[in-house]
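Okay, thanks everyone, let me get the model up on the screen. I'll talk you through the fold and then a couple of spots I like.

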Amino acid sequence: MKDHAALSILAALAAAFVAAPAIASEPAAQYRIGISAEVPVLCRVSVDAALVPDSAGRVSLGTMKEFCNNPHGYQVVMEYAPMAGDAALIVDGRTIPLGKSGRVIIAKSPGAAVTERKVELQLPQEGVAPALAFRIEPL
């Protein structure tokens, strides 16, 4: 009986050692977690100058700051009271004439962006301080 018990124990130990590598070689359980969200489109534009000086010549409006997370891009529009003469907006050294339409596209981006631009206003005569409104439009 002792031999039978010893053989049973030996067989159980052998089975455990043979089974252990098989259990260890199996991959651990894997879990996949998915997260999704919708981010709203947010676009902002601001210009440093709160007031436009009414002196003739070139005056700085400071920095125009643009932020838009629209992946399809955006455009920045300036609306103004229609002006006579050679008034112009200068954006990063590029001159944009201000005609009688009262609206001009001053910047475009093909995708989301955060940008700063130097903005100046060229007025043909003194005493004409136009009201300017900057707006950003997602495309």
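So, what percentage of the 139 residues in the chain do buried residues make up? They come to 28%, with buried meaning under 20% relative accessible area, exposed over 50%, and partly exposed in between, using a 1.4 Å probe and protein chains only.

Quick housekeeping. This is a predicted model, so local features need pLDDT of at least 70 and side-chain atom pairs count only at pLDDT 80 or more, while totals for chains, interfaces and linings use all residues. Numbering starts from 1 along each chain as its sequence is written, and side-chain values use heavy atoms, with hydrogens and water left out.

On confidence: pLDDT is the predictor's own confidence in each residue, from 0 to 100. The chain averages 82, and 73% of the residues score at least 70. Helix α1, residues 2-25, is the lowest at a mean of 52, and β1 the highest at 96.

Now the core. The largest nonpolar core has 23 residues; by that I mean buried Ala, Val, Leu, Ile, Met, Phe, Trp, Tyr and Cys joined through side-chain atoms within 4.5 Å. V76, M78, L89, L98, V104, I106 and L121 touch the most other members. β1, β2, β3, β4, β6 and β7 each supply at least two of its residues.

Next, β4. A88 and I90 point one way and L89 and V91 the other, yet all are buried. β4 runs antiparallel to β5, with four bridges, and also to β7, again with four; pairing takes at least two DSSP bridges. A88 has P97 as its bridge partner in β5 and Q122 in β7. In the β4-β5 hairpin there are two residues between the strands, and D92 has a positive phi near 50°.

Last one: E66, over in β2. Is E66 buried or exposed? Buried, because its relative accessibility is 2%. Its side chain makes polar contacts with the side chains of Y74, at 2.6 Å, and R117, at 2.4 Å. A polar contact here is a pair of N or O atoms within 3.5 Å; within protein, one must be able to donate a hydrogen and the other to accept it, and residues adjacent in sequence count only if both atoms are side-chain atoms.
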